[in-house]
Amino acid sequence: MMLLQIDKLQSFYGRSQALFGVDFSMDEGEVVALMGRNGMGKTTTIRSLCRVLPYRDGSIRFGGSDLAGMRPHKVARLGIGLVPEGRRCFPNLSVHENLVVAARSGAWTLERVNRLFPRLKERQQQSASTLSGGEQQMLAIGRALMTNPRLLILDEATEGLAPVIRQEIWSAVRELKGEGQSILIVDKTLKELMKVADRCTILERGKSVWDGTPSALTDDIQDRYLGV
Ligand code: ATP
């Protein structure tokens, strides 16, 4: 079943145009990697999808609703759980408080988040500001899951983390995929991304230029669009 459909999306920062035609779609239960070199429009696409940045042209349909003109909190309520770049959580609240304030009813509960990230369980009463970068990232993912999202968006969730913590995050992502969670993911670690993604969609200068399975992502395409 179609979960998300983005067509001819154009977005601007003031007068400066950042997206010039982004198109891709996702089915329920799919993991899609949104790719492209730095500055190509991945985060802008995510901001537009969450309606934090209003888009000017094109359309976004999510779970049958047209997002045009919708306020960001309403989009979140439709079931989009965003883990933004920079792992934002409430620094003055405890881990437990961060998780429960985000909660909406559904299959994801505090117990389940604690099972996914045992490190968080051990730190329930600690203030979020005392967590390491990796633990804060786990908390940011846990918070998004507590909203029971139909679509989880991870924007650079492993950026700047120690290798062992990255592996914990990737293993959580694989577990979520196994449970049928739909995930839109941006990450620089191509190798891990290719292991978990069902499909990849590539942006260049704010436009969609390629879409396909990880096995179709040849060295040529990587050279041309990802510069690796
Ligand atoms: P990165 O991997 O570096 O995060 P990205 O693919 O996510 O890159 P975006 O951050 O979406 O790229 O940037 C797309 C374009 O929009 C770039 O040209 C960038 O300079 C521009 N841009 C991003 N944020 C702003 C902003 N707040 N104001 C003006 N222009 C912006």
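Predicted model: local features only at pLDDT ≥ 70, side-chain atom pairs only at ≥ 80, totals over all residues.
1. The buried set in α9 (residues 219–226) consists of Ile-221, Gln-222, Tyr-225 and Leu-226. These residues span an arc of only 100° around the axis, so they sit on the same side of α9.

2. Turned away from the buried side are Asp-219 and Asp-220, both exposed. Just after the helix, Gly-227 adopts a positive phi of about 65°.

3. Next, the pairing of α6 with α7. Helix α6 covers residues 133–146 and helix α7 covers residues 163–178. Their axes come within 10 Å and cross at roughly 15°. Angles under 35 degrees count as roughly parallel, so α6 is roughly parallel to α7. The crossing is right-handed.

4. Who makes the α6–α7 contact? From α6 come Gly-134, Gln-137, Met-138, Ile-141 and Leu-145. From α7 come Ile-165, Glu-168, Ile-169 and Leu-176. By class, this contact has 6 nonpolar, 2 polar and 1 charged residues.

5. Helix α6 has a further partner in α3 (residues 95–102). The axes of α3 and α6 come within 7 Å and cross at roughly 30°. The two helices are therefore roughly parallel to each other. This crossing, too, is right-handed.

6. On the α3 side, the contact uses Val-95, Asn-98, Leu-99, Val-100, Val-101 and Ala-102. On the α6 side, it uses Leu-139, Gly-142, Arg-143 and Met-146. The residues of the α3–α6 contact divide into 7 nonpolar, 2 polar and 1 charged.

7. Is Asn-114 buried or exposed? Asn-114 lies in helix α4 (residues 110–116). Its relative accessible area is 10%. Under 20% counts as buried, so Asn-114 is buried.

8. What does Asn-114 touch, leaving aside residues up to four places away in sequence? Its contacts are Leu-99, Leu-120, Lys-121 and Gln-124.

Technical notes
Residues numbered from 1 in each chain as written. Heavy atoms only, no water. Axes fitted to C-alpha atoms, helices over the stretch in contact; angles between N-to-C directions. Helix = DSSP H or I, 4+ residues; strand = E, 2+ residues; numbered from the N terminus. Parallel < 35°, antiparallel > 145°, perpendicular 65-115°, else oblique. Left-handed = near helix turned anticlockwise from the far one by under 90°. Contact = heavy atoms within 4.5 Å. Nonpolar A, V, L, I, M, F, W, Y, C, P; charged D, E, K, R; others polar. Buried < 20%, exposed > 50% of the residue type's maximum accessible area, 1.4 Å probe, protein only. Arc of directions from axis to C-beta.
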